[in-house]
Amino acid sequence: MAAIAFSSCENYPEGVPSFYSSEYRIVGSWQVAHTYLNGVEIDSTEYIGYAPTTFYYMYADHVMSLTGIYNGQLRQSSFATYILDPKAKTIKFDYTFFGKHYDFTADIRRLSRKEFFIEFDDEYGDHWRLEMFSRSDY
């Protein structure tokens, strides 16, 4: 019986078994806590969508919104969607935030109910790593 229960778990990613699907785990509010650019942690960037303290609000219907602060202004995204691909362990983002359009696909390095880590390369060849932590109550 234990083998059947364990085989029904989603082993995603990093070999951590979970009874919750990735589609279920991604829904909620996430705060960017650590941002790395080419392996170096940064505390600010002109790309507000990647900046520490930015919030990603993920909804079950592939719609999301972002909230961030820049030059003392608190703003929300005007357009934002995501597409999660659990088999490929990727997530595609498409959003407009603070006048910039972001359209990228990131590799999911960790996705639990409390942690969401992604990595991707931008159009200039820079490597980004965003470590987000849940701000949802479970």
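Here is a short tour of the inside of this predicted model, one selection at a time.

**Stop 1: the core.** Start with Tyr-50, Tyr-56, Ile-91, Phe-93, Tyr-95, Phe-116 and Ile-118. Of the 30 residues in the largest nonpolar core, these touch the most other members. Now colour the strands: β3 (28-37), β5 (55-58), β6 (64-70), β8 (79-85), β9 (90-97), β10 (100-111), β11 (115-121) and β12 (127-134) each give the core at least two residues. The largest share, five residues, comes from β10.

**Stop 2: Ile-118.** Pick Ile-118, found in strand β11. It is buried, with a relative accessible area of 0%. Leaving aside neighbours within four places in sequence, Ile-118 is in contact with residues including Ile-91, Phe-93, Phe-104, Trp-128 and Met-132. Met-132 is 14 residues away in sequence, and the two C-alpha atoms are 8.4 Å apart.

**Stop 3: the rings.** The structure holds 19 aromatic pairs. Show Tyr-47 and Trp-128: their ring centres are 5.9 Å apart and their planes sit at 80°, so this pair is edge-to-face. Tyr-47 lies in the loop between β4 (40-42) and β5, while Trp-128 is in strand β12, so the pair ties together parts 81 residues apart in sequence. Both Tyr-47 and Trp-128 are buried.

Terms used. Residues are numbered from 1 along each chain as its sequence is written. This is a predicted model: local features need pLDDT of at least 70, side-chain atom pairs count only at pLDDT 80 or more; totals for chains, interfaces and linings use all residues. Side-chain values use heavy atoms; hydrogens and water are left out. A nonpolar core is a set of buried Ala, Val, Leu, Ile, Met, Phe, Trp, Tyr and Cys residues joined through side-chain atoms within 4.5 Å. Buried means under 20% relative accessible area, exposed over 50%, partly exposed in between (1.4 Å probe, protein chains only). Helices (H or I, at least four residues) and strands (E, at least two) are DSSP runs, numbered from the N terminus. Contact means heavy atoms within 4.5 Å. Rings of Phe, Tyr and Trp (its six-membered ring) pair if their centres lie within 6.5 Å; planes under 30 degrees apart count as stacked, over 60 as edge-to-face and the rest as tilted.
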